[in-house]
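Here's a friendly walk through a protein model, for anyone meeting it for the first time. Have a look at the structure, then read on.

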Amino acid sequence: QFKPIEAAVWVEKETLIKMGYIKLVQREDERQAAMAGLMTKQLTQPGVEKHLGDFGVDPESASHTQINQLSGGMKVKVV
């Protein structure tokens with residue numbers, strides 16, 4: 001069963017680190033940084049083509065080809 005949000009306890013980052021939870025803190029920091037990065041990228045055709053173009057994928061392949069249909073070398077660039 002889930003507890004209401006009022007039952008949650010918030011602990012400061014520095015306190016968690018002092019308690020020995022440095023790896024969990026780092027993992028959460030990385031997760032939040034990744035989420036922030038995803039929020040800034042535009043999920044439009046030009047945005048996707050530009051992003052994949054940075055990895056050497058041509059715009060035609062980026063827009064009109066499914067990943068499973070790409071060659072092995074192209075998949076390595078995408079994934």
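## Starting with Asp29

Let's begin at one residue: Asp29 is partly exposed, at 34% relative accessible area. On this scale, buried means under 20% relative accessible area, exposed means over 50%, and partly exposed is in between, using a 1.4 Å probe and protein chains only.

A quick word on what you're looking at: this is a predicted model, where local features need pLDDT of at least 70, side-chain atom pairs count only at pLDDT 80 or more, and totals for chains, interfaces and linings use all residues. Residues are numbered from 1 along each chain as its sequence is written, and side-chain values use heavy atoms, with hydrogens and water left out.

## The salt bridges

How many salt bridges does the structure hold? There are three, where a salt bridge is a side-chain nitrogen of Lys or Arg within 4 Å of a carboxyl oxygen of Asp or Glu. Asp29 takes part in one of them, pairing with Lys13 at 2.9 Å, N to O. That pair ties together distant parts of the chain, since Lys13 sits in helix 1 (residues 13–18) and Asp29 in helix 2 (residues 22–40), 16 residues apart. Helices here are DSSP runs (H or I, at least four residues), numbered from the N terminus. Lys13 is partly exposed too, with a relative accessible area of 40%.

Next comes Glu28 with Arg31, whose closest N and O atoms are 2.6 Å apart. Both lie in helix 2, three residues apart, or about one turn of the helix. Glu28 is partly exposed at 30% relative accessibility, and Arg31 is partly exposed at 42%. The remaining bridge joins Lys50 to Asp54, with 3.7 Å between the closest N and O atoms. Here the partners count as exposed: Lys50 at 56% relative accessibility and Asp54 at 55%.

## The largest pocket

Now for some open space. The largest pocket holds about 290 Å³. The search runs on a 1 Å grid over the protein atoms alone, and a pocket is an open set of points where a 1.4 Å probe fits, with protein on both sides within 12 Å along at least five of seven lines; lining residues have an atom within 4 Å of a point. Grid points are joined across faces, edges and corners, and the volume is the space filled by probe spheres set on the points.

Ser61 is found in helix 4 (residues 59–64). Is Ser61 buried or exposed? It's buried, with a relative accessible area of 16%. Leaving out residues up to four places away in sequence, Ser61 touches Leu70 and Met74, with contact meaning heavy atoms within 4.5 Å.

Leu70 and Met74 also belong to the largest nonpolar core, together with Leu52, Val57 and Ala62. Such a core is a set of buried Ala, Val, Leu, Ile, Met, Phe, Trp, Tyr and Cys residues joined through side-chain atoms within 4.5 Å. Met74, again setting aside neighbours within four places, is in contact with Val57, Asp58 and Ser61.

Key
Helices (H or I, at least four residues) and strands (E, at least two) are DSSP runs, numbered from the N terminus.
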